[in-house]
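Me: Could you walk me through reading the side-chain features of a structure? I'd like the general idea each time, then the case at hand.

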Amino acid sequence: QVQLVESGGGLVQAGGSLRLSCAASGIIFKIDDMGWYRQAPGKQRELVARMASGGTINYSESVKGRFTISRDNAKNTVYLQMNSLKPEDTAVYYCSAVVARTGVTPRTLYWGQGTQVIVSS
């Protein structure tokens, strides 16, 4: 099994910053994409940022210029630095990882348990 454990969520005032971390553990041969999604109450889960193992990055338009995704492949960890936070960034943030557990098994998408981010106005 593969576990993704997130940390770093919390309550912050508008304009503030938070840094989320997500560490993958378990039987891991290779991790392809790692990323962050979020889900606000009453809304669908949406992509925030995603980073391929080779370094290609995608951001949602709503966070470009404010959020930065990075990863430490040696530690199987992905980070999300969130600056200039807005009340509309309030959501549960989920980490994701596409993992190959061995060199021959199919890649599987795993999710973290989610971490709450609340931005007060």
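Predicted model: local features only at pLDDT ≥ 70, side-chain atom pairs only at ≥ 80, totals over all residues.

Reply: We'll go through the disulfide, the nonpolar core, the aromatic rings and the salt bridges. Residues are numbered from 1 along each chain as its sequence is written, and side-chain values use heavy atoms, with hydrogens and water left out.

Me: Fine. How many disulfides does a search of the whole structure find?

Reply: A disulfide is a pair of cysteine sulfur atoms within 2.5 Å. The search turns up 1: Cys22 is joined to Cys95, with 2.0 Å from S to S. This pair links distant parts of the chain, as Cys22 is in strand 3 (residues 18–26) and Cys95 in strand 9 (residues 91–100), 73 residues apart. Strands here are DSSP runs (E, at least two residues), numbered from the N terminus. The link is left-handed, with -80° about the S-S bond.

Me: And are Cys22 and Cys95 buried or exposed?

Reply: Go by relative accessible area: buried is under 20%, exposed is over 50%, and partly exposed is in between (1.4 Å probe, protein chains only). Both Cys22 and Cys95 are buried.

Me: Which residues of the largest nonpolar core touch the most other members?

Reply: In soluble globular proteins, nonpolar side chains tend to be buried together. A nonpolar core is a set of buried Ala, Val, Leu, Ile, Met, Phe, Trp, Tyr and Cys residues joined through side-chain atoms within 4.5 Å. The largest one here has 28 residues, and Leu4, Trp36, Val48, Phe67, Leu80, Met82 and Tyr93 touch the most other members. Strand 9 gives the most to this core, with 5 residues. For a look at one member, take Tyr93: leaving out residues up to four places away in sequence, its contacts (heavy atoms within 4.5 Å) include Trp36, Val48, Phe67, Leu80 and Met82.

Me: How many aromatic pairs does the structure hold?

Reply: A pair of aromatic rings is described by the distance of the centres and the angle of the planes. Rings of Phe, Tyr and Trp (its six-membered ring) pair if their centres lie within 6.5 Å; planes under 30 degrees apart count as stacked, over 60 as edge-to-face and the rest as tilted. The structure holds 1 such pair: Tyr37 and Trp111 are edge-to-face, at 5.1 Å centre to centre and 70° between the planes. Tyr37 is buried at 18%, whereas Trp111 is partly exposed at 35%.

Me: What lies over the face of Trp111?

Reply: A charge sits over a ring if NZ of Lys or CZ of Arg is within 6 Å of the ring centre and within 35 degrees of the ring normal. Over Trp111 that is Arg45, at 4.6 Å from the ring centre. Likewise, the charged end of Arg19 sits over the ring of Tyr79, 4.2 Å from its centre.

Me: Last one: how many salt bridges are there?

Reply: A salt bridge is a side-chain nitrogen of Lys or Arg within 4 Å of a carboxyl oxygen of Asp or Glu. The structure holds 7. One of them joins Asp89 and Arg38 (2.9 Å, N to O). Asp89 lies in the loop between strand 8 and strand 9 and Arg38 in strand 4, so the pair ties together parts that are 51 residues apart in sequence. Shared partners put Arg38, Glu46, Arg66 and Asp89 into one network of salt bridges. Another bridge connects Asp32 with Lys30, the closest N and O atoms being 2.5 Å apart.

Conventions: Helix = DSSP H or I, 4+ residues; strand = E, 2+ residues; numbered from the N terminus.
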